[in-house]
Amino acid sequence: MAEDNPYLTNPTKYNIADSNIALLGSDLEKRVREQAGDREPAWNDQVGVKPGIQIWRIEKFSVVQWPKERYGTFYAGDSYIVLRTYKKHKDTDALSYDLHFWLGEETSQDEAGTAAYKTVELDDHLKGVAVQYREIQSHESTRFLSHFSRFTVLAGGISSGFRTVVDLPEPDVLRLYRVSLVKVSDRGSSNLVVREVKAEKESLVAGDVYVLDKGPKIWQLNTKASVGQEKFKAAEFVRWLSGKRGSSSEVVVYDEGGPGAGRFLSELGATELQPNLHPQPNWDPDTARSSEVPPLTLYRLSDDLGALAFDSLGPATASALSTEDAFIIDNAASPTRPTVYVWIGAQSSHVEKRMAMQYAQEYVWGHGGSGVGGNGVDKGVSIVVEREGYEEEEFEKIMSSGL
Ligand SMILES: [Ca+2]
């Protein structure tokens with residue numbers, strides 16, 4: 001389905017490695033404002049009024065409601081806004097919010113900028129009490145993944161039209177999915193994550209389960225390093241996929257090293273799996289901040305002296321957070337939950353509140369380099385905005401151990 005979209009005929013890719021979102025005061029911001037108008041119709045009285053998930057996709061410069069039946073499925077070519085409304089305490093009426101914007105690896109700069117801008121706007125609509133998160137494809141926070149019992153990322157996007165995972169592919173089509181379980185809570189519950197990857201041998205890495213969709217045939221490969229629950233959940237996904245097609249696809253399950261597994265590999269021109277160079281660390285709250293982790297570093301964003309100033313305060317100290325300013329706390333070196341936090345004081349100025357996320361993005365961009373464990377900050381790192389008085393438990397835990 002070709003879409004009449006003047007902005008996407010030649011989209012500028014939002015390249016995480018080489019660019020940042022210089023949004024406020026930029027030409028992009030002006031264009032977003034012009035296109036969107038002052039009042040966003042999507043932020044109406046149906047938004048954030050009862051517990052549940054709400055999702056919008058950025059289309060051109062607009063915020064468009066994402067169909068409920070597609071919740072949990074994201075396209076690498078798009079940007080989305082995800083709002084989770086919940087009650088922190090079940091006995092009260094007060095609602096809390098997790099507000100995420102998710103940027104696919106192939107999304108355009110315009111879409112990414114619009115998503116970031118509209119997220120701040122939605123937070124304003126919610127009276128500024130949401131916790132905001134920037135999510136980058138393949139670097140999603142566990143908080144984000146915990147909202148979806150099955151989280152799926154497909155290739156393509158708005159410019160290439162809809163395709164669902166169950167669309168029956170052409171008989172000669174090969175689609176490869178990497179299926180893994182991701183721990184989403186400290187109590188050990190796990191959600192299924194399905195990512196479409198290039199159907200080529202380089203994509204086959206030890207440690208997960210792969211599903212090769214050949215249309216009439218669906219093959220599952222359990223690698224040796226995959227865990228039992230992963231295989232089980234992947235089989236559930238395969239059964240669902242086949243079931244959606246009226247069980248017309250023939251399903252075969254292979255185990256790495258077992259009979260026939262070579263057939264799966266050779267279909268992609270491989271003879272063996274690639275070694276997993278970046279195994280996912282296991283989340284253990286007790287060792288979340290071990291002694292090897294560098295101390296948290298703290299930055300202050302303040303316009304108290306007129307112009308907006310961004311200053312390093314060095315290692316975090318307990319007294320440094322003040323209610324009159326915004327702060328950036330770099331916990332990107334955490335081996336388990338690398339995050340850059342933005343903390344916004346209740347008495348901070350309008351400009352400080354508005355600019356904080358942008359400064360965090362520029363900070364991440366400017367410090368990008370060797371990534372987790374090194375001196376730099378992984379460009380895909382989660383950015384989380386915490387408002388004074390509405391902080392997440394996780395943040396409080398990190399601050400109390402770091403300060
Ligand atoms: Ca201030």
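These legends accompany close-up views of a predicted model.

**View 1. Lys127, a loop residue with a positive phi.** Look for Lys127 in the loop that links α2 (109-125) to β6 (131-136). Its phi is near 65°, a positive value in a residue other than glycine. Most residues other than glycine have a negative phi. Lys127 counts as exposed because it has 9 C-beta neighbours inside 10 Å, and the exposed class takes in residues with 12 or fewer.

View 2. With 13 C-beta neighbours inside 10 Å, Ser138 counts as partly exposed.

**View 3. The largest nonpolar core.** This core has 54 residues, and those touching the most other members are Ile81, Ile328, Val340, Val342, Ala356, Ala360 and Ile383. Domain 1 (27-150) and domain 3 (293-402) both contribute residues, so the core lies between them. In soluble globular proteins, nonpolar side chains tend to be buried together.

**View 4. The contacts of Val340.** Zoom in on Val340, and leave aside residues up to four places away in sequence. Val340 then touches Ile328, Ala332, Ala360, Val364, Val377, Val381 and Ile383, among others. Its contacts also include Asp330, Asn331 and Tyr363.

**View 5. A second, separate core.** Finally, move to another core, made up of 23 residues. Good places to start are Val193, Ile218, Phe237 and Leu273, which are among its members.

Technical notes. Residues are numbered from 1 along each chain as its sequence is written. This is a predicted model: local features need pLDDT of at least 70, side-chain atom pairs count only at pLDDT 80 or more; totals for chains, interfaces and linings use all residues. Helices (H or I, at least four residues) and strands (E, at least two) are DSSP runs, numbered from the N terminus. A residue is buried if 20 or more other C-beta atoms lie within 10 Å of its own, exposed if 12 or fewer, and partly exposed in between; C-beta atoms are placed from the backbone. A nonpolar core is a set of buried Ala, Val, Leu, Ile, Met, Phe, Trp, Tyr and Cys residues joined through C-beta atoms within 7 Å. Domain bounds come from an automatic or database domain assignment. Two residues are in contact if their C-beta atoms, placed from the backbone, lie within 7 Å.
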